[in-house]
Amino acid sequence: MINFGFTINKPRTIDLNRNNLNKSNEVIREMPELQTCIGCGSCTASCTAGNLTDFNFRKVHTLVRRGEYQGAYEEMNKCMLCGKCRLVCPRGINTRGVVMLIKRKLGDF
Amino acid sequence: MKHVIVIGGGVAGMQCAAELAMQDIKVTLLEKKSDTGGKVRGWHKLFPTFTPADEVLSGLRHKMALTQNITTKTGCEATTITPQKVTLSTGESINCDAVVVATGYTLFDAHIKEEYGYGIYDNVITSADLEEMFNKDDVRMKDGSTPRRIAILHCVGSRDEKVCQRHCSKVCCVTGVKQAIELKQMYPAADVFNFYMDIRMFGPGYEEMYREAQQKYNVHFVRGRISEVSPNIDNRLQIKAEDTLTGRPLKMGVDMLVLLIGMKSNDHNASLKADCGLQCQNSGFMQPKDSFLHNTESNIEGIFYAGAITAPKNVAEALNDGATAALRVKDWLNKQ
Amino acid sequence: MKRSSWTDYQKDIADDHYYYARSCIRQNFFPGSEKVFLNILGKDLGRDIFDDPLHTSCTGIGYHSDVVPLETIMAVVARQFSLMSDAGYENFTSSCITSFGIYTELLATWEEFPETEERTRENLYKATGREFKKPKNLAHTSDVIFHHREAIAQRAKRKLVNVYTGEPLKVVEHIGCHYAKIFPKSGIGGSEFPYVLAGMVESWGGELVDYPERRHCCGFGFRNYLVQANRGYSISNSHKKLESMAPYKPDFIVCNCPGCSMFLDKWQYTIAEMDGTTYGQNGQGIPVLTYEEMAGLVLGYDPWELGMQMHQVDVEPLLDKMGVEYDPSAKYLGRNGKYLGRPEPTAVNSYSSRDTRYFIKQ
């Protein structure tokens, strides 16, 4: 291999043809209310952990729903389980339950 | 007996004609097409209650038949309009005491958004095409097979400067959710994705329907506009969008793409402005006298508006407009 | 593919008397293409075309890499137009897509902002003492070939057909961003479903491949390529396109733009060296042709006269498929029989080195 001084970038596209949605479907089956998220960001805005780290609950669970599992488990570990997000969610999603569910499902990732 | 001409036999025009007739006013209802019913005639079910569109139309037809005061003339267009006289494209002119313009809107031509390949790729269809398929109970791909993954794209020809349609067509969000539910009812195993910019659930029962689509029917919602459609090697359609909630580009293959086409003002509105002295808004829709107390009146005394001629409206609003315009006409005729 | 929409985008293309502007990239990397374009127009089709030694680069590469300012490029373009008028022509045709984009953009700018045209007239007069007239007709040279595609089909010696199977050759067409993505109306078929190359391919017997990344840029991107550290962006785009088209097994790629021809061709070598991926039949690469070369092959020109030995990816497998007779030993002989030297064999340039049937005349 020759070093040309530049690299071929990996696509950062979410490819729903390639992503395996099995785990994602399991999460949704156990907690269908997660589907009702309207992406308002209240959870992230009120998040204790998110104020200290780049943890973004909305983004992580959306990625999980798209089959992008890489790093999701580690991200969810940043959650302090304080439950503020659950108080503010306009859709009444059991967000703390989502954190626990994703950790349980994606422990291997 | 006073005589009013109602131009346009869609739901607003039909309602207005029926209401006027019941007030002992003679009505001539002009319809361009061969039958009344307007756009609703092509629709299968109406949101958010899934009421068959036919039910609304037969109700209106029944109401119109309650008196003998309505003459319906189909297959004719009005060319020039004054409060006293309407000239038809046939050259014939009809005298009257007032006119209600209820010519509605035009469905956005999806061919114009070339990047979506409507008319080029077989399984790219519009929301109107899908309603037609529902009516025939035959929602299938061009080759006859069952779609397993369907994407529905919001705002096609709405909120889009590139095609000179800056306004929101208002009904497409709700239609997209309604059609997603109907598709899931028909094919429970299929995946249905809504690609939206904003979800505008403004009416009673709409938000509840949206939530039901998410929770009960497992309809997926991705916040992002599809940027282009191309064919895949397996004959599916590849769509590209940004998943704006994760901030990453997204692509997927789908079997069918439904374009939620918006409401465009009629081209004819320009000649209403030029030839009849009526005022248009920047969007091309006609300008009512004001937006609150005189919203079914035009800038010319004796010419009234009903329905989507003044702005995108849903069926219920068009029906209300028809009734309101009838009341305003009657008031005005009494004053003469 | 039902490309009905292309008929909505009609543009006037002059039928005769063209003033020809060359392309920096094309004349360096595909010099045979420009020569053969002049021959096709002049000799095969009997049209009057003027190749003016006085004209220069449009400086588009500099403009798009933020080196040449807008006022400068306007003056340069004005000078080209002035030369055209001097030579007694009104129909301007440029060989380069970027130049074509520049001419279209500047004509539109002058139309929208007449004061910029006035300033350009002043600048040109101060610098050179020249005045200029805007062309009556502006076309890219592919538009000109498109315009004459049926006349070329009538004179065709070969078709874009696989002689072994009788099937049409599968062709990937690549248009080049500056052809119609700046002004969709300036291109035949607009920017989403351009028909300029598709029309040639269909008229000459080939079959078009529509693939997911058809509309994607080749990745040249000027400053992306020109700065070495950014070159990854450039190659990633070509890589994306090649990955996307590979499953369709295209027989060749035909490009509208000289830059795209160069990058889609040469990046195949780089990709092979960087991650070992090779495309095309037996991993020999997908040949990349200019439309002049494609027209030349159809009209029966000798591939070496067309300059096809300059390609990174060997064209011989394609020539064999098309039933083109050629002298393998003459591949690296230039005009007048002078030996040009031959490239080192690489993963996508192995056809001649693997094949020992012939001896290269030195």
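Visitor: Which residue of β17(B) is the bridge partner of A:Ile14?

Guide: In β17(B), A:Ile14 has B:Leu250 as its bridge partner. This is a predicted model, in which local features need pLDDT of at least 70 and side-chain atom pairs count only at pLDDT 80 or more, while totals for chains, interfaces and linings use all residues. Residues are numbered from 1 along each chain as its sequence is written, and chains are lettered from A and ligands numbered from 1 in the order in which they are written.

Visitor: What makes β1(A) and β17(B) a pair?

Guide: Two strands pair if DSSP finds at least two bridges between them; β1(A) and β17(B), residues 248-254 of chain B, have two bridges in the parallel sense, and therefore they meet that condition. Both are strands in the sense of DSSP runs of E with at least two residues, whereas helices are runs of H or I with at least four, all numbered from the N terminus.

Visitor: How many residues of chain A are in contact with chain B?

Guide: With contact meaning that C-beta atoms, placed from the backbone, lie within 7 Å, 17 residues of chain A are in contact with 14 residues of chain B. The elements giving two or more residues to this side of chain A are β1 (14-15) and α3 (57-65), and α3(A) gives the most, with four residues.

Visitor: What is the angle at which α1(A) and α6(A) cross?

Guide: Axes are lines fitted to C-alpha atoms, for helices over the stretch in contact, and angles run from 0 to 180 degrees between N-to-C directions; on that scale, α1(A), residues 22-30, and α6(A), residues 95-105, cross at roughly 145 degrees, with their axes coming within 10 Å. The contact is made by A:Lys23, A:Glu26, A:Val27 and A:Glu30 of α1(A) and by A:Leu101, A:Ile102 and A:Lys105 of α6(A).

Visitor: Which strands of the chain C sheet are called edge strands, and why?

Guide: The open sheet of four strands has the order β2-β1-β3-β4 with parallel pairing, and β2 (49-51) and β4 (137-140) are its edge strands because each pairs on one side only. Four bridges join β3(C), residues 91-94, to β4(C), and C:Ser94 has C:His140 as its bridge partner there.

Visitor: Which helix packs on that sheet?

Guide: Helix α5(C), residues 97-112, packs on the sheet, touching β1 (18-21), β3 and β4 of chain C, and its direction makes about 150 degrees with that of β4(C).

Notes:
Two residues are in contact if their C-beta atoms, placed from the backbone, lie within 7 Å.
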